[in-house]
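Please look at the structure first, then read on.

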Amino acid sequence: MSLANPAVLRNLVEQYEALAALRAEDGGAAARQRLRDVAHTLCVSTDTRDIDSALAAARRLLSRPGPVAAGRPSG
């Protein structure tokens, strides 16, 4: 799996959580589409197939100490 840039991944998680907290699924078409788009991007970025797995994977990646979590490539 290619690791997403940690800053981008963190931003996606924050966007998803904010949209979910605002209950975007109950909002207008644009809000629902944005929630779906962010969920899809998180899944692609974490190589998962559902949002719960994507969020868990993203949080796991972001919690790792070292170069990956800090936003620097390893190796």
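A residue counts as buried when its relative accessible area is under 20%, and as exposed when that value is over 50%. The model shown here is predicted.

Threonine 46 belongs to helix H2. Its relative accessible area is 3%, so threonine 46 is buried. Aspartate 47 is placed in the loop between helix H2 (29–46) and helix H3 (51–63). This aspartate counts as exposed because its relative accessibility is 59%.

The backbone of aspartate 47 has a further feature: its phi is near 60 degrees, a positive value in a residue other than glycine. Most residues other than glycine have a negative phi.

| Atom or group of threonine 46 | Partner | Distance |
|---|---|---|
| Side chain of threonine 46 | Side chain of threonine 48, in a polar contact | 2.9 Å |

How do the two helices lie relative to each other? The axes of H2 and H3 come within 9 Å and cross at roughly 55 degrees. H2 is therefore oblique to H3. Their crossing is left-handed.

Which residues meet where H2 and H3 touch? On the H2 side they are Ala39, Leu42, Cys43 and Thr46, and on the H3 side Ile51, Ala54, Leu55, Ala57 and Ala58. Of the residues in this contact of H2 with H3, 8 are nonpolar, 1 is polar and none is charged.

How values were computed. Residues are numbered from 1 along each chain as its sequence is written. This is a predicted model: local features need pLDDT of at least 70, side-chain atom pairs count only at pLDDT 80 or more; totals for chains, interfaces and linings use all residues. Side-chain values use heavy atoms; hydrogens and water are left out. Helices (H or I, at least four residues) and strands (E, at least two) are DSSP runs, numbered from the N terminus. Buried means under 20% relative accessible area, exposed over 50%, partly exposed in between (1.4 Å probe, protein chains only). A polar contact is a pair of N or O atoms within 3.5 Å; within protein, one must be able to donate a hydrogen and the other to accept it, and residues adjacent in sequence count only if both atoms are side-chain atoms. Axes are lines fitted to C-alpha atoms, for helices over the stretch in contact, and angles run from 0 to 180 degrees between N-to-C directions. Angles under 35 degrees count as roughly parallel, over 145 as roughly antiparallel, 65 to 115 as roughly perpendicular and the rest as oblique. A crossing is left-handed if the near helix is turned anticlockwise from the far one by less than a right angle, and right-handed if clockwise. Contact means heavy atoms within 4.5 Å. Ala, Val, Leu, Ile, Met, Phe, Trp, Tyr, Cys and Pro count as nonpolar, Asp, Glu, Lys and Arg as charged, and the others, Gly among them, as polar.
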